[in-house]
Amino acid sequence: MMHKQAIIVGGGPAGLAAALRLREKGIEDILILEREKMLGGILRQCIHDGFGLTRFGESLSGPEYAQRFIDKVQEAGIECITDCTVLDISSDKIVTAASRNQGLLQIRADAVLLTMGCRERTRGALATPGTRPAGVYTAGVAQNYVNLQNIMVGHEVVILGSGDIGLIMARRMTLEGAHVKGVYEVQSYPNGLPRNIQQCLNDYNIPLHLSHTVVEIKGRERLTSVVVAACDERFRPIPGTEEEIPCDTLILSVGLIPENELSLAAGVNLDPRTRGAFVDENCQTEVPGIFAAGNVLHVHDLVDFVSLEAEALADNVAEYLKVGSLPACGLEVKAGANVGHVIPQRISGTRDFTLSLRVRQPLNGVSVVVRQGDQVILRRKMRKALPAEMIQLPIKAAKLTDNVDMEVYVE
Amino acid sequence: MKNSDIIIIGGGVVGSAIARELTRYKLSVTVLEKESDVCTQTSGRNTGMLHAGFLYKTGSLKAQCCVEGNKEFDRVARELDVPFKRTGKLIVGFTEEHRQRLLTMLERGKANGVEGMELIDRARMDEIDPSAGGNFAIYCPASGILDPFTYTIALAENAVKNGAEYHLYTKVTGAEVLEDGRHLLHTTKGDFTCRWVINSAGLQSAEISAMLGIPGYVIQPIKGEYFVLDKKAGAFAKIPVYPAPTERNTFDTHATPTVDGNVLVGPNSFKVEDGEDYSVSQSGMDGLQESGARMFKHMNREFYIRTFAGARPKRIDPETGEIQDFLIECRDEVPGVINLVGIESPGLTSSLPIARRVVRMIGERETLIPNPSFDPIRKGIKRFHEATREEQAALIAADPDYGEIVCRCETITRAEIREAIHNPLGVCTVNGIKVRTRASMGRCQGGYCETRITAMIREELGKAVTDVRLTNGDSTMFTGYVKGGAQA
C-alpha cells in the first residue's frame, strides 16, 4: 500500500495553508487530495473582494487569495491530486479515494489533516412549508451558477437568512440586473458581518427584515411567490402578519454545517455545538494522528482566520510527525455563560494556544473572561460582541496551570 | 397520427406494469403520460412498502392482488433489478383496545392468505427492533420495503425494451370512437388511435373514465405528508413500525426505513379537493413530529432532510362516501375500454397482479399471440457505492467517469449520471436524474451535485440553459445568462 507522512483532505484555504506550513517545517512527504478540478475550494466562486485584510494586509478577491497559496504550493512541488474524492478514512488512517486519472487509491498516512470545509443548510432541514418548485437555491449554489457558470437563476429575488453568502448574493444579483426584494432573518439581529450589511444591502437599498421568516413557498413548476411573516422571540410566526411576495427566486442563507461525514467514518467524535470535531490545543481530534482545521472544525467568519488556524495546526502536525506524539491534553475547556462554543475543547495547560469562540447573541460593553478555577487567565473588554464575528484570544502558557479545567464566559 | 393496438393512459406503476405485461404478446403498446416522467405522482409519492395484505377485506381485489404481488416480489425484484428488502413489519399497540384490533387484523391476514403473522411481546420486539415504540405487536415477516421510483422506472424500461412506446408530456384531452370501432384520443401532443384503451390514470381515473364513456365514478384524493430523515437516523430503524389500526381500519403516522437507509415518517391523512397539490403544511409537519416520535424514538429535527406529500386516489361511493375496492372492468357496452379506477394503496404491491388481470380481460376477448422475443430481465445502472473496492477499481479502470464522484452524500459517479441522462424513456429533468441515481437525495440536497448535474444535462443533451427543468411542466431552473455571459 502507498504511504504518505501527511494526507490533506481538501485543497481549499485550510488545506493549502496547512500544506505550505508543513513543508516549511521540513515535512517532505505530503499529499493533497482535492475533489474539484482545481485547487482553491469555495474561494473559486467568491469573486468579491475583502479577503486577505488580516493575513496579507490588502483586499483580495477569493480567487486571488487562493492563488497566492496555490502558486506557492506549486513552487514548493507539493503533490496534489485533483478530481479525486475521498470515499473513506479509517481510524488507522488508511485513506481511500476515487480519482478519474489514478483510479481507486488506498494510501496509509501517518497523519491525516481534515480540511473539508462546510456545506449549506437546506430548505429540507428547515422544513419550510409549501410546494417544491424550481427557483429555490441555497446561496452557495446560486453563487456557483452565477459566478462560475455565467447562468442567471432568476430576476425577482427574495433572500431568507442574513448569512454572509446570502448578503453577497443580494449584491451580486442586483449587479446582474435582478430585483432583490428583501432579506428576511428569523433572528432579531443579522447573521452576517456588519461590513456586508453595509456594503451589500444598505448601499443598494435592499431592505433587511429582522425577526421575519418565510412561512410558505408557492408555485408548482417555477416559484411564484413566498409568504413571509414576523416572528416572536421563539421564532414562531405571528398570525396576521403574513405578507405574500411575488418572486421567481428564493435564495437561502440559513447556516453552514461543517462537513464531517468522513470524520465520523474515521471514528472522530463531534461536538454538537460546533458540529465539528472535539479537538485539543494541537487541533488533534480524539483519534490520534487525525487533525482538523478551518470550516470543517468550526465555521469561520473570515478566510484569513481559516488560513491562520491551519498554519498553527500544521506546526503541531510537524511536531507529531517528528516526535511521534503530542503532549497529553487532560484539561477541559468549557463554554460558559453567553458563549456558543469554544475551540479547542481540551488543553494541556503547558503550552500557548489560540482560543476561538463565538457569543450566543449580540452584546454591548462586555468582558470575555478565561479562567482556571479562581485564577483569571485573561479578561478582554469588548465594546461590542456579535455572533457573526469569531473572537480569538491568544493564551500564554506562562499564565496556565496544568491541573484545573478552563472556563470561558462573557459577563 | 400514431396508431397502436393498445394505448395506456397513465405511466405510473400500474400503467407501466400493464405495458410490460402486454409486451409479452404481439401487440403494439403506447403509453401516454402527461408528466415529465413515470413516477412524479402517486407512484413516486408513497412509503415504498411491499404490503403483506392483512388490512383489506377478505375476497376483495385489494386483498387478492396485494397477497399475490407480495408473494412473487423476490422474483420480480431480481428480474427488474429493483432494490428490495423483505424486512418484515411491526404493528404495535399500547392498550387492550389496540390488542383487540391487532388480533382482528391477525385473523383477517390469515383469511387473506398472509403467512407467518404472530402476536409478540415487548421482549421479542426488543430482539427485532429496540427503537420501536409500543408494548406488544403483530410481527408480519412477509412485509418489505422497495424503491418505488426504481420499480416504476424498471417496469417502464422493461416495457420499452420489449417494444412499448412512451410519450411524456402527453395529456389526453378528449376521446372519441371511430366508425371502425377504434378509439381516437386527442392529446396535447397530437392525436393517437388504437383498438384498446386502458385507463390507468390514477388521480384522473374518474375523469378519463367519463371521457371514455363510463361516467359516475368519484375519486376522493387523500393526501399524506412525510418527513424524510437522514441515514444517520436510518441506522436506528431496522424494520417498518406501524401503530395499531384506527377504528376506521386505517394507519396513523408510521416510521419506515427506506431501502436506501433513510427513514420516512408519515403519512398523515386528510381529504383534499386537488390531489395534485403536493404542498406540505406547517400544521401537518408539527403533527408528524409529534406522532412520529411515538413510533420512532429517534424522530429528531436534526435528522430532517426533506418533506414531501402524495395523494391516494380513493374511489368512493358517491352516495355514502364509503371507500371502495380497486375497480378493474371491461364493459360490453363500452367495447375496447379497460377501466381502472381507484387504484390506490396497495397499488405498488398490486401492480403486476392488476396488470395480469387486465391482460386476461383482453385475452378473453381476442387471441393473444405470445411475443417470442419478450425478455423479462431489466438491468439498472451499475451503482458504484454498492460495489466492493475491487469492483470499484475495475469500474474506474474501464470507465474513468466512475472515478468522478458527482454526488458526495450518496457517492454517485459521473458514469451513473451520464447513463441516467441517456435513459430509455428519454426523461431529461433534474428530478429524473435524481430518482434514477439518488444523486441529490442525500443530506446536502444537491448543494454539491446540482450544479454539476445541470451542466451535464446541458452538455450531454445539448440543451440551452433556459431549457433545463427541475421536474414537471415549466419548472425551468434558469432564466438565462449573466450580463455578457452567453458569449463567455
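Visitor: In which sense does α1(A) pass α8(A), left-handed or right-handed?
Guide: The crossing of α1(A) past α8(A) is right-handed. This is a predicted model, so that description applies to a prediction.

Visitor: What angle do those two helices pack at, and how far apart are the axes?
Guide: Helix α1 of chain A, residues 13–24, packs against helix α8 of chain A, residues 303–323, at about 40°. Their axes are 8 Å apart. Angles under 35 degrees count as roughly parallel, and α1(A) and α8(A) are therefore oblique to each other.

Visitor: Which residues meet there?
Guide: From α1(A) the residues are P13(A), A14(A), A17(A), A18(A), R21(A) and L22(A). Among those they meet in α8(A) are V303(A), V306(A), A310(A), E311(A) and D315(A). By class, this contact of α1(A) with α8(A) has 12 nonpolar, one polar and three charged residues.

Visitor: Switching to chain B. How do the axes of α1(B) and α6(B) cross?
Guide: Helix α1 of chain B covers residues 13–22 and helix α6 of chain B covers residues 148–161. Their axes come within 8 Å and cross at roughly 30°. α1(B) and α6(B) are therefore roughly parallel to each other.

Visitor: And the handedness of that crossing, left or right?
Guide: α1(B) passes α6(B) in a left-handed crossing. On the α1(B) side, V13(B), S16(B), A17(B), A19(B) and R20(B) take part. Their counterparts in α6(B) include P148(B), Y151(B), L155(B) and A159(B). The contact of α1(B) with α6(B) has eight nonpolar, three polar and one charged residues.

Visitor: OK, sheets. What is the strand order in the five-strand one of chain A?
Guide: That open sheet of chain A runs β21-β19-β26-β23-β24, with mixed pairing. Its edge strands are β21 (346–347) and β24 (375–385) of chain A, each pairing on one side only.

Visitor: What does β21(A) pair with?
Guide: β21(A) pairs with strand β19 of chain A, residues 331–335, in the antiparallel sense over two bridges. In β21(A), R346(A) is the bridge partner of E332(A).

Visitor: Which strands make up the three-strand sheet in chain B?
Guide: The order is β3-β8-β4 in chain B, an open sheet with antiparallel pairing. β3 (49–50) and β4 (84–85) of chain B stand at the edges with a single partner strand each, so one side of each has no neighbour in the sheet.

Visitor: How many bridges join β4(B) to β8(B)?
Guide: Two bridges join β4(B) to strand β8 of chain B, residues 144–146, and the strands run antiparallel. In β8(B), the bridge partner of F84(B) is L146(B).

Visitor: How many residues are in contact between chain A and chain B?
Guide: 41 residues of chain A are in contact with 44 residues of chain B. On the chain A side, α4(A) gives the most, with five residues. By class, that side has 15 nonpolar, 17 polar and nine charged residues.

Visitor: Which strand of chain B does β9(A) pair with?
Guide: β9(A) pairs with strand β23 of chain B, residues 480–481, in the antiparallel sense over two bridges. M152(A) has G480(B) as its bridge partner in β23(B).

Visitor: What ipTM does the predictor give the complex?
Guide: The predictor gives an ipTM of 0.96 and a pTM of 0.96. For chain B, the mean pLDDT is 95, and 100% of its residues reach 70 or more.

Technical notes. Residues numbered from 1 in each chain as written. Chains lettered and ligands numbered in written order. Predicted model: local features only at pLDDT ≥ 70, side-chain atom pairs only at ≥ 80, totals over all residues. Pairing = 2+ DSSP bridges. Helix = DSSP H or I, 4+ residues; strand = E, 2+ residues; numbered from the N terminus. Contact = placed C-beta atoms within 7 Å. Nonpolar A, V, L, I, M, F, W, Y, C, P; charged D, E, K, R; others polar. pLDDT = per-residue confidence, 0-100. Axes fitted to C-alpha atoms, helices over the stretch in contact; angles between N-to-C directions. Parallel < 35°, antiparallel > 145°, perpendicular 65-115°, else oblique. Left-handed = near helix turned anticlockwise from the far one by under 90°.
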